[in-house]
Amino acid sequence: MSKRTSETVTQSVIEKKSKSWSLGLVNSMINPDYIIKQTDRIVVIRDKYPKAKIHYLVLPREDISSIHKLNSSHIDLLNEFGLLFEQLKDQHQEFTLQAGFHAVPSLQRLHMHVISKDMISTWLKTKAHWNSFNTSFFLPYTDVIKELQNKGTITKIGPEKHKDLLATPLKCNQCSYVPKNLPKLKEHLLSHQ
Ligand code: AMP
Ligand code: ZN
């Protein structure tokens, strides 16, 4: 095989792999091992790499790829996301749960994270993981509904803001503690249990 042909094949394998990775949620939505609850319009699954003791994803059956495809006609759907969030809170009263979307999602199919505030998890491995749930990169679902009501669309953040938010200095989400690094923060989080 010529060098050029081999490069093209490699590129195509990488593209296929990254496409199948980005479709991971769509596969998990139809996998009974992942499904927690479902309605006519919505499926709730467990997150494959939970970043806290409780971490679910709420997804529409409708093929909406991300928050950037939402418009005011979806407010009703998001209100139903909210009803499911209330049910999950009832089922996990010993936890403080939050519901929201990442400003720049990495995987396809709109998904709302429902995640507990403890953030205790072996899958929480990077500063970006932490900041994606503990800065304004995490958009509370109520704010997303308000933005749709007011503007009819969700404004995209630019690459600089994206980078800055995920690089925000670490700070505990339950007190004013400022850790030196992520391992220190993870150790500190245990003191809030
Ligand atoms: P986001 O950055 O909002 O796109 O987050 C995607 C979420 O999906 C992350 O919390 C991942 O841990 C989770 N995840 C990745 N792959 C899968 C999968 N195949 N099934 C379920 N959850 C997944
Ligand atoms: Zn703290």
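This is a predicted model: local features need pLDDT of at least 70, side-chain atom pairs count only at pLDDT 80 or more; totals for chains, interfaces and linings use all residues.
**View 1. The largest pocket and its lining.** Helix 2 (24-28), strand 2 (42-46), strand 3 (55-60), helix 4 (127-134) and helix 6 (159-166) each give two or more residues. Helix 4 gives the largest share, four residues. A pocket is an open set of points on a 1 Å grid over the protein atoms alone, with protein on both sides within 12 Å along at least five of seven lines; lining residues have an atom within 4 Å of a point. Points are joined across faces, edges and corners, and a volume is the space filled by probe spheres set on them. Helices (H or I, at least four residues) and strands (E, at least two) are DSSP runs, numbered from the N terminus.

**View 2. The largest cavity.** A cavity is a set of grid points where a 1.4 Å probe fits but cannot get out. There is one of 30 Å³ or more. The largest cavity holds about 50 Å³. Its lining includes Phe-101, Pro-105 and Arg-109, along with His-102, His-111 and His-113.

**View 3. The zinc ion (ligand 2).** Cys-172 (SG), Cys-175 (SG), His-188 (NE2) and His-192 (NE2) coordinate the ion at 2.0 to 2.3 Å. Donors are N, O and S atoms within 2.8 Å of the metal (3.2 Å for Na, K and Ca); water is not among the atoms, so sites may look incomplete. The donor spacing is C-x2-C-x12-H-x3-H. Angles of 103 to 119° among the four donor atoms make the site tetrahedral (all angles between 85 and 135 degrees). Cys-172 is buried, at 3% relative accessibility. Cys-175 is partly exposed, at 31%. Buried means under 20% relative accessible area, exposed over 50%, partly exposed in between (1.4 Å probe, protein chains only).

**View 4. The buried side of helix 5 (residues 141-151).** Tyr-141, Val-144, Ile-145 and Leu-148 are the buried residues. They lie on the same side of helix 5, because they cover an arc of only 100° around the axis. They pack against helix 3 (75-91), strand 4 (97-102), strand 5 (112-116) and strand 6 (138-140) (contact: heavy atoms within 4.5 Å). Gly-152 follows helix 5, with a positive phi near 80°.

Conventions
Residues are numbered from 1 along each chain as its sequence is written. Chains are lettered from A and ligands numbered from 1 in the order in which they are written. Side-chain values use heavy atoms; hydrogens and water are left out. Four donors count as tetrahedral if all angles lie between 85 and 135 degrees; four count as square planar and six as octahedral if opposite donors are over 155 degrees apart and all others between 65 and 115; anything else is irregular. The arc is that of the directions from the helix axis to the C-beta atoms.
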